[in-house]
Amino acid sequence: MTNGHKRDDLQEALATALNDINAESGTLMLLDEKKGELFIKTSVSKPGSQPLSETIISQTRVKLDNTSPSGLVVKLNKPLLINDIEGLKKVFPSLTTIANPKRYKSSLLVPVDTPNGPKAVLSFSNRSDNKHFSEHDLNLAVMLAKYFGAALKLERKNLELRTFNNVIQKINATNDLHNIFKTIVSSGKDMVECKNVSIMLIENNNLIVKDSSRKSIIGQSRKLGAGASGWVWKTGEPLLIKRAEDSRKERSFKPLGKPGSFIVVPMSISYESPFAVNVSLKSNATIGVLNFSNKNNMKPFTDEDLDVISNFANLAAVAIEKVKFFLETKRAYLSTVEALAAAIDAKDKSSYTHLKRVVRLSLELADKVGLSEKEKEDLHFAALLHDVGKIGIEESILNKPGKLTAEEYARMKKHVEEGVQILSNAQFLEAATLIVRHHHEQFSGAGYPDGLKGNEIPIGARILSLADSYDAMITNRIYRAGKSIESAKEELKRCAGKQFDPSLVPIFLKIIDANIPAEKKSQI
Ligand SMILES: [Fe+2]
């Protein structure tokens, strides 16, 4: 039986050990370092002997003192061999943790000691042949304990790796730098079990605290060269100080105000990385440092902690640079698209503010109906570029004061497909192009170019159609005055289910109301 339901590797190993020792039952208890108590990791009994119940397994907690054999063994780090119940009661008068006192004959306990590994105790009860445990059994148990030490260490390593992978996946899944900093700090704390973690990035030749478990230092700036962080950034070397004296001996940097053990690791990006071209500091690919201090168990940080954190810091650095690169590229795209949109708008003689309003209203509606960040971004591009095809339409048609002839209208409708043609080579506009293609579709199916109906029309296009039509209604043109907001709203209501998605119209009307300045509202 174990805390889990599947028979795991440790349980298999314990069953084998039970046979080797020829005992009726065996238990492996592990130290919960935070609570300073032992708990049952796994327990195995031979067929015919009564196994520990699930309740005992899950509820047993043993303090590291001389009130129980297992606590004492871990406390003293020495094996214990007891061969009669009277002896047991004499040494441990207040003993309550013995599972089957009536059946108790003898017990053998050995500490599982692993350097830098978890503390544990391996115990065996009652020899199957009713004999006492011998010195030979004791020696065998000591050897088996070494095996369990290694197995536990591996198990912890696996857990570390799994946590590590989860964190990296989490960091890679977001394009929000603020979130990345938060994840680095909180997972860093868990990974090496310490109280204080902070991330510092280089900005204008200073190290700036971007996030920290100590909120008061966020945003603070440290001059390069001062303190351990600056030294680590400059040299690109990780630093592990195990004792306060070590940091005082070290002359390369000023000792920090906080005594005790700490770790500072550089966040470095290898020049081979595809993102290295985007590193702002050409001579140094270290973008910042991670600081760790105050280990939870008050012990010094270990070389293993340093290993885990060094790898973590480098992967985190790549993730940060990737997001910075992504955001810069996005900004560059957006300004190109805005310039293009402004050029088309100039030709169409409508104002650029009209376009900006369509963008804002579309994004507000998208937000209200719960579109994802990516969908909103595509809609943003589409709202700016929806009429890009008008660039090829004659100005005499575009700005014609009167009603268009059937032929002119057919020509005008072509702006949709011509727009799609213009955008088709830009891969980053693929999803936006689909919205552009369908921004003149109607909910009833009467629109163009494909006559799509209802939900066949992409949600972005349904939103854009509503925002664009509304804003066109209220905008003054050379040849006609814009409608009042109130009559535009009536028109939207009238066309709900025909031109527009009826589920979007009421939400959009609320957005219009919220956008009308107070003084204008009183005029309506
Ligand atoms: Fe259009």
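Predicted model: local features only at pLDDT ≥ 70, side-chain atom pairs only at ≥ 80, totals over all residues.
Local features rest on residues with pLDDT of at least 70 and side-chain atom pairs count only at pLDDT 80 or more, while totals for chains, interfaces and linings use all residues. Residues are numbered from 1 along each chain as its sequence is written.

**Overall make-up**

The protein has 19 helices and 12 strands. These are DSSP runs, numbered from the N terminus: helices are H or I with at least four residues, strands are E with at least two. Of the 524 residues, 33% are buried. Buried means that 20 or more other C-beta atoms lie within 10 Å of the residue's own, with C-beta atoms placed from the backbone; 12 or fewer makes a residue exposed, and anything in between partly exposed. Take the contacts between residues at least 6 apart in sequence: 62% of them join residues at least 24 apart. Two residues are in contact if their C-beta atoms, placed from the backbone, lie within 7 Å.

**The sheet from β1 to β6**

Six strands form an open sheet in the order β3-β2-β1-β6-β5-β4, paired antiparallel. Strands pair if DSSP finds at least two bridges between them. The edges are β3 (61-63) and β4 (80-82), each pairing on one side only. Neighbouring strands are turned by 25 degrees against each other on average, direction ignored. Inside the sheet, β1 (residues 23-32) and β6 (residues 120-127) run antiparallel and are joined by seven bridges. G26 has F124 of β6 as its bridge partner.

**The sheet from β7 to β12**

Another open sheet of six strands has the order β9-β8-β7-β12-β11-β10, again with antiparallel pairing. Here β9 (221-223) and β10 (239-241) are the edge strands, each pairing on one side only. The twist averages 25 degrees from one strand to the next. Seven bridges hold the antiparallel pair of β7 (residues 194-203) and β12 (residues 286-295). C194 stands opposite K295 in β12.

**Helices across the sheets**

Angles run from 0 to 180 degrees between N-to-C directions, and axes are lines fitted to C-alpha atoms, for helices over the stretch in contact.

| Helix | Lies across | Angle |
|---|---|---|
| α1 | β1, β2 (37-45), β6 | about 65 degrees to β2 |
| α5 | β1, β4, β5 (107-112), β6 | about 40 degrees to β5 |
| α6 (residues 177-192) | β7, β8 (206-212), β12 | about 140 degrees to β7 |
| α7 (residues 227-235) | β7, β8, β9, β10, β11 (262-268), β12 | about 35 degrees to β11 |

**How α1 meets α5**

Helix α1 (residues 9-21) also packs on α5 (residues 135-172), at an angle of about 170 degrees and with the axes 11 Å apart. The two are therefore roughly antiparallel. That label applies over 145 degrees; under 35 is roughly parallel, 65 to 115 roughly perpendicular, and the rest oblique. From α1, the contact takes D9, L10, A13, A17, D20 and I21; from α5 come D137, L140, A141, L144, F148 and A151. By class, nine of these residues are nonpolar, none polar and three charged. Nonpolar covers Ala, Val, Leu, Ile, Met, Phe, Trp, Tyr, Cys and Pro; charged covers Asp, Glu, Lys and Arg; the others, Gly among them, are polar.

**Helix α16**

Helix α16 (residues 459-474) has 16 residues. From first C-alpha to last it reaches 23 Å, close to the 22 Å expected at 1.5 Å a residue. That expected span is 1.5 Å times one less than the number of residues. Its buried residues include G460, R462, D468 and Y470. Among the elements covering them are α10 (352-368), α11 (373-385) and α15 (430-437).
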